Amino acid sequence: MAEQKVKLLGFWVSPFVYRVIWALKLKGIDYEYIEEDIFNKSPLLLQLNPIHKKVPVLIHGDRVICESYVIVQYIDETWPHCPLLPQHPYERAMARFWADFAETKLLITASIALCARGEVQERAVKQAMEAVEKIEGVVKGKKLFGGESIGYLDICLGWMSYWLPVWEEVGGMQIIDPIKFPATSSWMNTLLHHPVIGDNLPARDAMIEYFQKRSKDISESDWFEGIIRLHLQP
């Protein structure tokens, strides 16, 4: 089964797509990349992911796998060499826990801070920093979350090393203070200098331009207030 053709539907600036790219590259798996326009979704994407209608989507032979965390775990189990998830069940559970924590407590609040201004942005930044403080305790004393080599949690939190500084610049804010969070800052630097990560990133200037426009569009949207009420503490 592992010998079957692999295709990946993605979007050039999506951190979720890059999780899958990094996993495939670390495993040395050849794949065909298909760029999607997420603002004008193709019939192929809608056919393959009719529930969420989002990228990434992995096609492996006649199998279709959606959602970045699920895809990375599928890759790790299908191609077991160079394992990404820890071998011990407890450590695997903890890796999945912290990946979910970063997604629900940091990525969402940081993205709100990117788009908001004033008091709302201040609240979002505060809550994002509280999440980083927890992550700091996990990575403290480690080169990488995976130890000496990149693991599942490094891939899942890898967006912090490249996307988050872009969001900070566009939003005129700071979440990762290297003085407050030295272990996290060191991990981010280590990750970016790994060739698989550093050689597989979108162009920063293009990202700045994209997120400047995207954050403005989101801040002016009808549904942004609902996202704030749902995810930010008062």
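Two strands pair if DSSP finds at least two bridges between them. Helices (H or I, at least four residues) and strands (E, at least two) are DSSP runs, numbered from the N terminus. The model is predicted, so local features need pLDDT of at least 70 and side-chain atom pairs pLDDT 80 or more, while totals for chains, interfaces and linings use all residues. Residues are numbered from 1 along each chain as its sequence is written, and side-chain values use heavy atoms, with hydrogens and water left out.

**Strands**

- Strand β3 spans residues 57–60.
- V57 and I59 point one way from β3, and L58 and H60 point the other way.
- Strand β1 (residues 6–10) runs antiparallel to β3, joined by four bridges.
- L8 has L58 of β3 as its bridge partner.
- Strand β4 (residues 63–66) also runs antiparallel to β3, again with four bridges.
- The hairpin of β3 and β4 has two residues between the strands, and G61 takes a positive phi near 65° there.

**Helix α3 against α4**

- Two packed helices are described by the angle between their axes and the distance between the axes.
- The axes of α3 and helix α4 (residues 89–115) come within 12 Å and cross at roughly 155°.
- That angle makes α3 roughly antiparallel to α4 (over 145 degrees; under 35 is roughly parallel, 65 to 115 roughly perpendicular, the rest oblique).
- Axes are lines fitted to C-alpha atoms, for helices over the stretch in contact, with angles from 0 to 180 degrees between N-to-C directions.
- Y69, Q73 and E77 of α3 make the contact with R96, A99, D100 and E103 of α4.
- Contact means heavy atoms within 4.5 Å.

**Two buried residues**

- S68 is found in helix α3 (residues 68–78).
- S68 is buried, at a relative accessible area of 7%.
- Not counting residues up to four places away in sequence, S68 touches F16, R19, V20 and P56.
- K27 lies in helix α1 (residues 15–27).
- K27 counts as buried, at 4% relative accessibility.
- K27 and I75 are 48 residues apart in sequence and 8.4 Å apart in space, C-alpha to C-alpha.
- Leaving aside neighbours within four places in sequence, the contacts of K27 include I75, D76, W79 and P80.

Conventions: Buried means under 20% relative accessible area, exposed over 50%, partly exposed in between (1.4 Å probe, protein chains only).
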